Amino acid sequence: MSTTNPQSDAPSDEGAPRGLRRWSRRPADGSPAAAARARRRSKHRRRVANVAGLMAALVLTGTLYSALSPAQATEESGATESSAEAAGRELYERSCITCHGENLEGVPTRGPSLIGVGEAAVYFQVHTGRMPLVRQEAQAPDKPAVFSDEEIDQLMAYVQANGGGPTLPSGDLREGDLTEGGELFRLNCASCHNFVGEGGALSSGKRAPSLEDANDLEIYTAMLSGPENMPVFGDNQLTPEEKRAIVNYVQTIKAQADPGGAGIGRIGPVAEGVVIWVVGVAALLFGIFWMGSKA
Amino acid sequence: MARTATAPGVPTTPLGKAALEVDDRLIVAGPLRRTLNKVFPDHWSFLLGEIALYSFVVLLLSGTYLTFFFDASMREVVYEGTYAPLRGAEMSAAYESTLYISFDVRGGLFMRQLHHWAALLFVASIVVHLTRIFFTGAFRRPRETNWLIGVALLVLSFAMGFTGYSMPDDLLSGTGLRIVSAIILAIPVVGTWVHWAVFNGDYVGEFIVGRMYIVHVLIVPAIILALIALHLLILVKQKHTQFPGPGRTEHNVVGNRLFPAFAGKAGGLFFIVFGVCAALGGLVQINPVWLWGPYNPAQVSAASQPDWYVMFLDGSTRLFPAWDINLPGNYTIPALFWPTLVLPGILFTLLALYPMIERKLTRDTASHHLLQRPRDVPVRTSLGMMAVTFYVVLMISGGNDVISEKFDISLNAMTWVGRIGLVILPPIVYVLTYRICLGLQKHDREVLEHGLETGVIRRLPHGEFIEVHQPLGPVDEHGHGELAYGGAPVPKRMNQVGGARRAIRGFFKPIEEPAQVELEQRRDEHGLAAAESRELTTSGRPSDGGRPQEPRD
């Protein structure tokens with residue numbers, strides 16, 4: 001700010017103190033009052049001019065900057081940005097940039113690079129509510145999604161446009177052989193997610209989550225992108241048909257009623273042990289107390 | 001028969017005549033009379049062993065039904081049955097027939113579930129029965145033999161449980177079998193040979209299910225039946241123990257005769273046990289093998305656990321550090337050896353030998369027919385609680401991955417809680433139990449010496465407040481009760497000595513009118529209702545305040 005103080009060049013050789021100057025505004029003698037008015041007007045003018053110049057300089061700088069720097073970015077990606085990508089960028093810069101970096105390159109100790117993860121990873125992470133992350137911990141918990149489906153599409157478009165990667169599948173994701181799906185699930189997934197996708201513990205607070213609330217696309221994109229501790233099951237490991245078979249199996253088993261009665265979590269002997277003690281033995285102890293009281 | 005029909009006491013009814021015919025040939029009237037007149041003491045805790053017996057009966061019945069349909073073969077088949085998610089899958093005939101029982105046999109799934117729940121209950125009731133025997137000192141001379149038979153039955157029930165769990169050849173049971181195979185291999189020196197003998201070769205082979213089947217349906221049940229019979233015969237011969245109480249001595253048994261009172265009670269309990277098992281079998285799904293899938297050694301699932309009673313061994317394996325001992329000459333004692341063979345070996349040996357150990361330490365070799373209250377033997381009670389704590393920590397650790405997942409606790413934290421808890425908790429529980437026992441003993445003595453707290457506060461002429469105590473019996477010149485502790489429960493509330501009116505009868509809901517009881521009590525001069533009309537005989541400081549008499553002048 002090199003603007004001069006408008007008051008500083010007011011003549012100070014007038015001699016009269018400020019208080020007297022006010023008194024001298026009286027129309028007793030015309031010339032000093034007129035001079036003072038003229039001085040005040042020129043002071044105003046200078047002030048306005050200075051502010052306008054500053055504004056003009058700022059606007060010019062801003063325009064130049066906005067005209068030049070994004071031009072370089074679009075030159076890199078080789079195409080102009082679609083509106084969805086632009087909207088996605090805006091969302092990204094608002095919610096993701098802190099941990100994933102301004103160019104999706106990731107930030108050490110905060111978040112991984114998103115270059116090449118593809119829209120499949122974005123869909124899984126954002127649709128299950130894992131991203132945006134609330135805090136850094138052993139594993140991102142799933143929670144209600146923060147973004148709407150439309151916003152997720154925009155984010156997917158943005159990430160896909162900047163690095164590519166696995167894309168979302170299309171068509172019926174349950175179009176696969178049920179039995180084969182079961183076999184593949186037990187072979188590839190059950191060791192962490194349990195026989196029926198009830199989930200299981202991993203080390204140090206990490207875990208394989210339950211598939212209870214997962215939809216078809218989430219299961220599919222999880223296999224494609226390998227979130228967190230899960231390995232990536234690329235299309236050369238599990239073909240799209242096999243992935244669809246697994247999705248079909250998981251969703252069929254989940255929807256299937258328990259023919260034996262209450263499912264008690266479908267978790268096997270731990271729940272059964274709790275039931276036999278808390279229900280079975282407790283009921284019988286009550287029974288023999290009752291018989292004892294009849295003595 | 002006209003001549004005998006006129007003799008006195010000769011039966012005239014058709015049933016009586018038939019009974020006479022039978023007795024003429026078999027001569028059973030005498031022994032039968034003695035048996036039916038046998039007296040059983042009455043206490044709810046004496047029914048715990050019966051729960052085990054009746055759940056075994058349920059096991060025999062439901063298990064027999066299952067054998068009609070189960071095919072104990074490891075022949076490979078392709079499933080073409082009712083359950084769609086497995087149709088076309090390769091599996092063993094054993095697993096296929098289990099699916100067949102579950103989905104196609106009428107009542108098959110119910111029977112399977114009934115059988116499995118009854119099995120869990122069988123072991124649970126044996127364990128509860130065992131703790132009752134332990135904590136009341138019922139194992140003492142002359143009943144050491146029955147204690148040993150009981151421990152053998154517990155071990156055999158584990159064997160039954162394990163073979164039954166493993167036979168369906170599903171992914172869960174196969175995982176268990178794989179672990180057992182590893183445990184067998186971990187036996188030093190002979191492990192490999194034993195494994196080859198048991199599995200007829202390497203794991204898994206084609207024999208093991210058939211072998212387990214014979215063990216499960218013939219060998220072990222026969223031994224269990226024989227031991228149960230022996231257990232009961234010895235019980236009848238040695239007579240049942242009883243808690244000390246009025247009229248109960250080391251030389252008598254106070255209770256109900258076998259027929260009709262005890263038989264009615266036992267029959268009722270059988271149906272209650274059957275009912276609980278059936279309710280669980282019909283309402284709560286257990287071991288849904290169709291969800292687990294056929295066994296394939298390449299597959300394993302998270303949350304693979306044994307049934308609850310073996311879970312302590314899974315827990316010990318999870319807690320034990322991975323310390324392999326590598327000996328020269330390419331010999332290894334794997335870490336698995338210690339938690340799965342040495343530990344249960346020590347535990348069951350200690351359990352079996354406990355009566356002898358206690359006899360040795362206390363030098364008490366006398367015969368005992370009266371039970372002890374747990375509080376009166378604080379060392380034994382505390383040792384028992386210590387053992388229970390040890391077992392429970394191991395059992396919880398056996399399911400630590402499920403607990404970790406469901407309650408969002410780090411699995412590593414669960415493991416360390418188990419490791420530290422296993423070492424630290426039993427001594428803490430020992431000390432706590434010991435103090436609780438002493439506290440309860442002290443309170444019993446206090447009531448005997450000073451009487452029951454009545455809740456009546458008196459103010460003495462000089463302003464001091466005392467609580468009036470009701471002595472349980474005659475008092476000496478200091479106002480102290482002269483009753484000795486007899487090892488029996490001491491009343492702790494005025495209601496228990498008729499201080500108030502007696503309790504209204506009825507377990508679930510009252511079956512009599514309170515007003516009638518009030519009147520009855522007033523008539524019989526019992527309780528507070530009656531006390532209104534009479535002078536409180538225990539008034540005044542000396543006799544009922546539990547304090548020495550002050551000279552009055």
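**Close-up 1. What counts as a pocket here.** A pocket is an open set of grid points with protein on both sides within 12 Å along at least five of seven lines. Keep that in mind as you look around this predicted model. With this definition, the largest pocket has a volume of about 1700 Å³.

Close-up 2. Start in chain B, where B:Leu130, B:Thr131, B:Phe135, B:Gly384 and B:Val388 lie nearest the centre of the largest pocket, out of 50 residues that line it. Two or more lining residues come from each of these helices: H11 (269-293) of chain A, and H6 (108-135), H7 (144-166), H13 (311-319), H14 (337-362) and H15 (378-398) of chain B. Which helix gives the largest share of this lining? That is H15(B), with ten residues. By type, the lining of the largest pocket holds 38 nonpolar, eight polar and four charged residues.

**Close-up 3. The second largest pocket.** Now move on to the second largest pocket, with a volume of about 1200 Å³. Its lining is made of 41 residues, and B:Phe162, B:Val180, B:Ile183, B:Val310 and B:Leu313 are the closest to its centre.

**Close-up 4. Helices around the second largest pocket.** Several helices of chain B each supply at least two residues of this lining, among them H9 (191-199), H10 (208-238), H16 (400-406) and H17 (411-450). H8(B) gives the most, with eight residues. Sorted by type, the lining of the second largest pocket has 26 nonpolar, ten polar and five charged residues.

Notes. Residues are numbered from 1 along each chain as its sequence is written. Chains are lettered from A and ligands numbered from 1 in the order in which they are written. This is a predicted model: local features need pLDDT of at least 70, side-chain atom pairs count only at pLDDT 80 or more; totals for chains, interfaces and linings use all residues. Side-chain values use heavy atoms; hydrogens and water are left out. On a 1 Å grid over the protein atoms alone, a cavity is a set of points where a 1.4 Å probe fits but cannot get out, and a pocket is an open set with protein on both sides within 12 Å along at least five of seven lines; lining residues have an atom within 4 Å of a point. Grid points are joined across faces, edges and corners, and a volume is the space filled by probe spheres set on the points. Helices (H or I, at least four residues) and strands (E, at least two) are DSSP runs, numbered from the N terminus. Ala, Val, Leu, Ile, Met, Phe, Trp, Tyr, Cys and Pro count as nonpolar, Asp, Glu, Lys and Arg as charged, and the others, Gly among them, as polar.
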